[in-house]
Amino acid sequence: MSMALVGMIAGMALGFAGYFGGFGAFLLVAALGAIGFVVGRFLEGDLELGDFFRTRTRDDRRR
């Protein structure tokens, strides 16, 4: 599935949630979608759990 199609489906889901459920439902769908995205990337192996908890050292800072 292309990223454009995934983006269109996500946008339609947020639109329906906002229209039928109000702003609270819109925020809930957006938050759950973000959580699902992170979990999906973790399960695919693109993210590691240590990426969220690793502290930065002086060498890791971006300039």
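Guide: Relative accessible area sets the exposure classes: buried is under 20%, exposed is over 50%, and partly exposed lies in between. The model discussed here is predicted.

Visitor: What share of the protein chain counts as buried?
Guide: The chain has 63 residues. A residue counts as buried under 20% relative accessible area. The share of the chain in that class is 2%.

Visitor: Which pattern does the protein chain follow along the sequence?
Guide: The secondary structure comes to three helices. Read along the sequence, the pattern is α-α-α.

Visitor: Which element of the protein chain has the lowest mean pLDDT?
Guide: The chain has a mean pLDDT of 80, and 87% of its residues reach 70 or more. The highest mean among the elements is 86, for α1. The lowest mean is 73, and it belongs to α3.

Visitor: How far apart are the end C-alpha atoms of α1?
Guide: Helix α1 covers residues 3–21. Its 19 residues, at 1.5 Å each, should span 27 Å. The model agrees, with the end C-alpha atoms of α1 separated by 26 Å.

Visitor: Which residue just after α2 takes a positive phi?
Guide: α1 is followed by Gly22, with a positive phi near 90°. Just after α2, a phi of about 95° is found. The residue there is Gly45.

Visitor: What is the separation of the C-alpha atoms of Gly18 and Leu28?
Guide: Gly18 sits in helix α1. Its relative accessibility is 28%, so it counts as partly exposed. Leu28 is ten residues away along the chain. The two C-alpha atoms are separated by 9.8 Å.

Visitor: What kind of aromatic pair do Tyr19 and Phe20 form?
Guide: The structure holds three aromatic pairs. In the pair of Tyr19 and Phe20, the ring centres are 4.9 Å apart and the planes stand at 85°. Planes over 60 degrees apart meet the cut-off, so this pair is edge-to-face.

Visitor: Are Tyr19 and Phe20 buried or exposed?
Guide: Tyr19 has a relative accessible area of 68%. Phe20 has a relative accessibility of 65%. The cut-off is over 50%, so both residues are exposed.

Visitor: What kind of pair do the rings of Phe23 and Phe26 make?
Guide: Phe23 is exposed, at 61% relative accessibility. Phe23 and Phe26 are three residues apart in helix α2, about one helical turn. Their ring centres are 6.0 Å apart. The planes lie at 20°, so the pair is stacked.

Visitor: Which residues do ring pairs link into a cluster?
Guide: Tyr19 and Phe20 already form an aromatic pair. Ring pairs link them with another residue. The cluster is Phe16, Tyr19 and Phe20.

Visitor: Which element gives the largest share of the nonpolar patch?
Guide: The nonpolar surface patch is about 1,200 Å², and its residues include Leu28, Leu32, Phe37, Phe42 and Phe53. Two or more residues come from each of α2 and α3 (50–53). Phe37 lies in helix α2. The largest share, eight residues, is from α2.

Key
Residues are numbered from 1 along each chain as its sequence is written. This is a predicted model: local features need pLDDT of at least 70, side-chain atom pairs count only at pLDDT 80 or more; totals for chains, interfaces and linings use all residues. Side-chain values use heavy atoms; hydrogens and water are left out. Rings of Phe, Tyr and Trp (its six-membered ring) pair if their centres lie within 6.5 Å; planes under 30 degrees apart count as stacked, over 60 as edge-to-face and the rest as tilted. Buried means under 20% relative accessible area, exposed over 50%, partly exposed in between (1.4 Å probe, protein chains only). Helices (H or I, at least four residues) and strands (E, at least two) are DSSP runs, numbered from the N terminus. Patches are made of residues with over 30% relative accessible area and no salt bridge: like charges are joined within 9 Å, nonpolar side chains (Val, Leu, Ile, Met, Phe, Trp, Tyr) within 5 Å. Accessible areas come from the Shrake-Rupley method with a 1.4 Å probe; for residues, only the protein chains shown count as cover. A salt bridge is a side-chain nitrogen of Lys or Arg within 4 Å of a carboxyl oxygen of Asp or Glu. pLDDT is the predictor's confidence in each residue, from 0 to 100. The expected span of a helix is 1.5 Å times one less than its number of residues.
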